[in-house]
Amino acid sequence: PFKAVVFDLDGVITDTARFHHLAWKRLADTLGIGFDDELAESLKGIDRRMSLQMILDKGGVTLEPAEFDRLADMKNVWYKELIGTMTRDDLLPGALDTLKAVRAAGLKIGLASVSQNAPAILERLGIADLFDTVVDARLLKRGKPDPEIFLKAAAQLGADPADCLGVEDAVAGVASIKGAGMAALGIGKPSVLTEADAVIAGLDDFVLDDYLA
Ligand code: BG6
Ligand code: MG
């Protein structure tokens, strides 16, 4: 049985992917770079700077470091405007019940999001106090798919990764979980999250008993 569950945030607990999509598209538009759904999907779970690099690569654009930093900051200003409208109503179906059920069963809960905005989003959603630990994205050397973030979450919880269940909606995130030696529960489509040990469509399909046996 698992002793802890480590959740990703964007796309698992709340749908911030649409805000990232809007903010990146706005940036890509200013650069004259085409931004489609496929590019948006490939950016899920990828940190801010790597995401910008992937957009620039797509457009064949090279920037001076100072301009790169300015654009990454600008995207974040636009993104923060969008998440400033979030409330408890922006929790995805089943998210709150899942967190409460996991806690009630005596398991620890961690957050493994590469978003530097994650703590502010947890506050806006009113769920910050349900987490035993939150990995500080600013201190990561490598983003997903590197296992660093899930290994850190387990260490901060004092849990062996083998005793943890990781929950992720992104291909890069599932790879990070598996690299850390955890079991991976995918949120989305089995045809996309092929490395996951199990896949459900959303947390409203989460049945804790399935993972306690
Ligand atoms: C991840 C998102 O959770 O956080 C990515 O899936 C995003 O799309 C990344 O780029 C970094 O977020 P932020 O808020 O630090 O720019
Ligand atoms: Mg995600």
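**View 1. Gly181 and helix 8.** Just after helix 8, Gly181 takes a positive phi of about 85°. Helices here are DSSP runs of H or I with at least four residues, strands are DSSP runs of E with at least two, and both are numbered from the N terminus. A bit of background: most residues other than glycine have a negative phi, and most peptide bonds are trans. This is a predicted model, where local features need pLDDT of at least 70, side-chain atom pairs count only at pLDDT 80 or more, and totals for chains, interfaces and linings use all residues. Residues are numbered from 1 along each chain as its sequence is written, while chains are lettered from A and ligands numbered from 1 in the order in which they are written.

As for helix 8 itself, seven of its nine residues are buried, so the helix is largely enclosed by the rest of the structure. "Buried" means that 20 or more other C-beta atoms lie within 10 Å of the residue's own; 12 or fewer makes a residue exposed, anything in between makes it partly exposed, and C-beta atoms are placed from the backbone. The buried ones are Val171, Ala172, Gly173, Val174, Ala175, Ser176 and Ile177. Their cover includes helix 7 (148-157), strand 4 and strand 5; contact here means C-beta atoms, placed from the backbone, within 7 Å.

View 2. Six strands form an open sheet in the order 3-2-1-4-5-6, with parallel pairing. Strand 3 and strand 6 (198-200) stand at the edges with a single partner strand each, so one side of each is left without a neighbour in the sheet. Two strands pair if DSSP finds at least two bridges between them. In general, strands of a sheet pair through backbone hydrogen bonds, either parallel or antiparallel.

**View 3. Strand 1 and its two neighbours.** Four bridges join strand 1 (residues 4-7) to strand 2, and the two run parallel. Here Val5 stands opposite Ile109 in strand 2. Another four bridges join strand 1 to strand 4, also running parallel. Look for Ala4 opposite Cys164, and for Val6 with its bridge partner Gly166. Strand 1 is covered on both faces: Ala4 and Val6 are buried on one side, Val5 and Phe7 on the other. As a rule, side chains in a regular strand alternate between the two faces of the sheet.

**View 4. Strand 4, covered on both faces.** Five of the five residues of strand 4 (residues 164-168) are buried. On one side sit Cys164, Gly166 and Glu168, and on the other Leu165 and Val167. Strand 4 is joined to strand 5 (residues 183-187) by four bridges, running parallel, and Val167 stands opposite Leu185 in strand 5. Strand 4, helix 8 (residues 171-179) and strand 5 make a right-handed β-α-β unit. Right-handed means that, with the strands pointing away from the viewer, the path from the first strand over the helix to the second runs clockwise.

View 5. Four of the five residues of strand 5 are buried, so strand 5 is largely enclosed by the rest of the structure. Strand 5 and strand 6 pair in the parallel sense over three bridges. In strand 6, Ala198 is the bridge partner of Leu185, and Val199 that of Gly186.

**View 6. One face of helix 6.** Ala118, Ile121, Leu122 and Leu125 are the buried residues of helix 6 (residues 118-125). Seen down the helix axis, they fall within an arc of 100°, so they line one face of helix 6; the arc is that of the directions from the axis to the C-beta atoms. They pack against helix 4 (65-83), strand 2 (108-111) and strand 3 (133-134). Just after helix 6 comes Gly126, with a positive phi of about 75°.

**View 7. Around ligand 1.** Ligand 1 is surrounded by 16 residues, and the closest are Asp10, Arg48, Ser115, Gln116 and Asn117. To be included, a residue needs its C-beta atom, placed from the backbone, within 6 Å. The shell has four nonpolar, eight polar and four charged residues. Nonpolar covers Ala, Val, Leu, Ile, Met, Phe, Trp, Tyr, Cys and Pro; charged covers Asp, Glu, Lys and Arg; the others, Gly among them, are polar.

**View 8. A cis bond at Pro145.** Lys144 and Pro145 are joined by a cis peptide bond, with omega about 15°. Pro145 is in the loop between strand 3 and helix 7.

Conventions: Contact = placed C-beta atoms within 7 Å.
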